[in-house]
Amino acid sequence: MATTARPGSVPELEPEVVEQWQKDGGELVDLFARAREQLGGVAAFRLGPRPTVLVTDPQAVQHVLALHPGRYVKRSHRARLLIGDGVLAATGEAWQRQRKLLQAQFTGRGMRRYEQRIGEAARSAAVRWDAYARTGQVLDVGDEMRRFALDTIWRSLTGHPLDPDTERELAALPAVVAALPSLPTDAVAAQGAVAADLARIDAVASRAIAAARDGEAGPDGPGLLHVLIEAAGRLPEYTDRLIRDELVTLLVAGHETTATTLTWLHLLLDRNPQAREQALAAGAEGSPERRQAVQALVHETLRLYPSAWVLPRCATEDDVLAGYEIEAGTDVLVCPYLTHRDPDIWEDPERFDPGRFTSPGRRPGHPGSYLPFGIGPRACLGLQFALRESTVLLEHLLPAHVPHFRSTPTGASYGLTVRPDGPAPATLR
């Protein structure tokens with residue numbers, strides 16, 4: 001009679017390795033990389049009494065995120081202080097209701113409503129860059145990408161272009177996002193540390209909700225905020241607080257990740273100018289060939305710097321993952337950043353090579369190999385929106401402007417996103 005092998009324990013990093021990492025003051029990603037390098041695509045380490053399981057193997061990634069999302073759930077969201085009960089932080093039936101309402105806005109026909117607004121925000125950015133080029137003014141590329149992405153999502157939410165006063169007040173958003181990893185663990189103390197910025201964000205949200213409720217529509221008609229307010233008329237859970245939370249969630253998710261991706265892309269093109277030339281040479285302006293080549297630039301940037309570099313989950317029941325026992329209550333960390341840089345999955349993974357996404361057979365086929373927006377039912381709602389706005393902006397900027405950087409960031413900062421760790425001042429030529 002055949003017997004089934006008993007699942008074993010997840011291989012665990014030696015305590016001495018963890019202690020040395022702590023003494024060195026390394027980034028968390030360094031510990032993750034050590035675990036994967038020494039133990040493989042499913043590995044464990046201890047920062048407390050219980051082991052945390054790191055998942056980078058594509059099949060194990062798919063098991064956790066796509067095949068068994070009910071066994072591996074989001075327990076909390078690090079940004080809950082900012083986004084409250086918005087769809088990113090919601091769980092269970094509340095998440096299902098919120099996701100269903102928003103899903104239609106970011107796919108198919110829903111996306112077509114925002115095409116004009118994306119184009120107008122891109123043209124506005126191109127006009128600014130034309131002026132910078134004429135005057136020789138120094139700009140910060142990261143700030144410019146945030147300005148474009150915030151303008152795009154604000155137009156989509158409210159129907160209005162981003163005005164200077166709102167832009168100044170919403171500078172509090174990236175300030176809170178950047179502060180989140182270093183805030184006190186005590187909720188009251190954390191709230192107090194960013195109270196002034198949260199008050200500014202709440203004031204902007206309150207004014208936008210009031211205007212939308214009064215029927216005020218922008219030049220392009222009502223926006224996504226109006227959809228939320230209409231939902232409140234038939235769904236009692238859509239209180240003013242939940243509408244505020246969804247609005248802030250969409251503002252954060254709709255501009256922070258896109259702005260970061262576009263900033264990295266410009267920095268990568270500075271180091272790899274031939275990639276820009278190849279994209280522009282792929283086809284005439286507006287052609288499908290050029291659009292595909294520009295999208296490949298975005299995809300390759302997202303491979304190196306995925307929107308969500310780590311996806312925390314908690315096991316709700318005992319499970320077997322890649323032949324290893326996972327106990328209920330175990331913290332599981334899926335790390336797209338390391339999956340995308342695994343030499344067993346991607347050829348020469350540290351090299352910026354957009355051709356991976358245009359040449360047949362060069363991209364790994366397993367769905368767990370490439371997941372810059374996650375996979376499974378909790379994959380990012382705004383995937384199509386982010387890709388579309390990034391592509392449209394680049395189609396406007398790449399043919400006309402090349403940033404000449406006066407200095408560039410020396411590394412990355414690993415918070416909610418993987419951000420350049422400093423400014424990126426440049427002039428345009």
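In this predicted model, helix 8 and helix 18 touch through a set of side-by-side residues: Met 145, Phe 148, Ala 149, Thr 152, Ile 153 and Ser 156 from helix 8 meet Phe 385, Glu 389, Leu 393 and Leu 397 from helix 18. Sorted by class, the residues of this contact comprise seven nonpolar, two polar and one charged. Helix 8 covers residues 141–158, and where it packs with helix 18 the angle is about 125 degrees, with the two axes 11 Å apart. An angle of 65 to 115 degrees would count as roughly perpendicular and one over 145 as roughly antiparallel, and helix 8 and helix 18 are therefore oblique to each other. The crossing that helix 8 makes as it passes helix 18 is right-handed.

Helix 1, residues 15–24, and helix 2, residues 28–39, have axes that come within 10 Å and cross at roughly 155 degrees. Helix 1 and helix 2 are therefore roughly antiparallel to each other, since angles over 145 degrees count as such. Helix 1 passes helix 2 in a crossing that is right-handed. On the side of helix 1 the contact is made by Val 17, Val 18 and Trp 21, and on the side of helix 2 by Leu 28, Asp 30, Leu 31, Arg 34 and Gln 38. By class, the contact between helix 1 and helix 2 has five nonpolar residues, one polar residue and two charged residues.

How do helix 14 and helix 15 lie relative to each other, and at what angle do their axes cross? The axes of helix 14 and of helix 15, which spans residues 273–281, cross at roughly 105 degrees and come within 4 Å, and these two helices are therefore roughly perpendicular to each other. Their contact joins Leu 269, Asp 270 and Arg 271 of helix 14 to Pro 273, Ala 275 and Arg 276 of helix 15. In this contact there are three nonpolar and three charged residues, with no polar ones.

Most residues other than glycine have a negative phi. Ala 322, although it is not a glycine, has a positive phi of about 55 degrees, and this residue is found in the loop between strand 7 (319–321) and strand 8 (324–326). Asp 348, likewise not a glycine, has a positive phi of about 45 degrees, and Asp 348 lies in the loop that runs between helix 17 (336–339) and helix 18.

What remains is the empty space inside the model. Rolling a probe the size of a water molecule over the atoms shows where such space is left. By class, the lining of the largest cavity has five nonpolar and five polar residues, and no charged ones.

The second largest cavity has a volume of about 30 Å³, and the residues that line it are Thr 257, Thr 260, Thr 261, Tyr 305, Pro 306, Ser 307, Thr 417 and Val 418. Helix 14 gives the most to the lining of this second largest cavity, with three residues. By class, that lining has three nonpolar and five polar residues, while no charged residue takes part.

Note on methods
Residues are numbered from 1 along each chain as its sequence is written. This is a predicted model: local features need pLDDT of at least 70, side-chain atom pairs count only at pLDDT 80 or more; totals for chains, interfaces and linings use all residues. Side-chain values use heavy atoms; hydrogens and water are left out. Ala, Val, Leu, Ile, Met, Phe, Trp, Tyr, Cys and Pro count as nonpolar, Asp, Glu, Lys and Arg as charged, and the others, Gly among them, as polar. On a 1 Å grid over the protein atoms alone, a cavity is a set of points where a 1.4 Å probe fits but cannot get out, and a pocket is an open set with protein on both sides within 12 Å along at least five of seven lines; lining residues have an atom within 4 Å of a point. Grid points are joined across faces, edges and corners, and a volume is the space filled by probe spheres set on the points. Axes are lines fitted to C-alpha atoms, for helices over the stretch in contact, and angles run from 0 to 180 degrees between N-to-C directions. Angles under 35 degrees count as roughly parallel, over 145 as roughly antiparallel, 65 to 115 as roughly perpendicular and the rest as oblique. A crossing is left-handed if the near helix is turned anticlockwise from the far one by less than a right angle, and right-handed if clockwise. Contact means heavy atoms within 4.5 Å.
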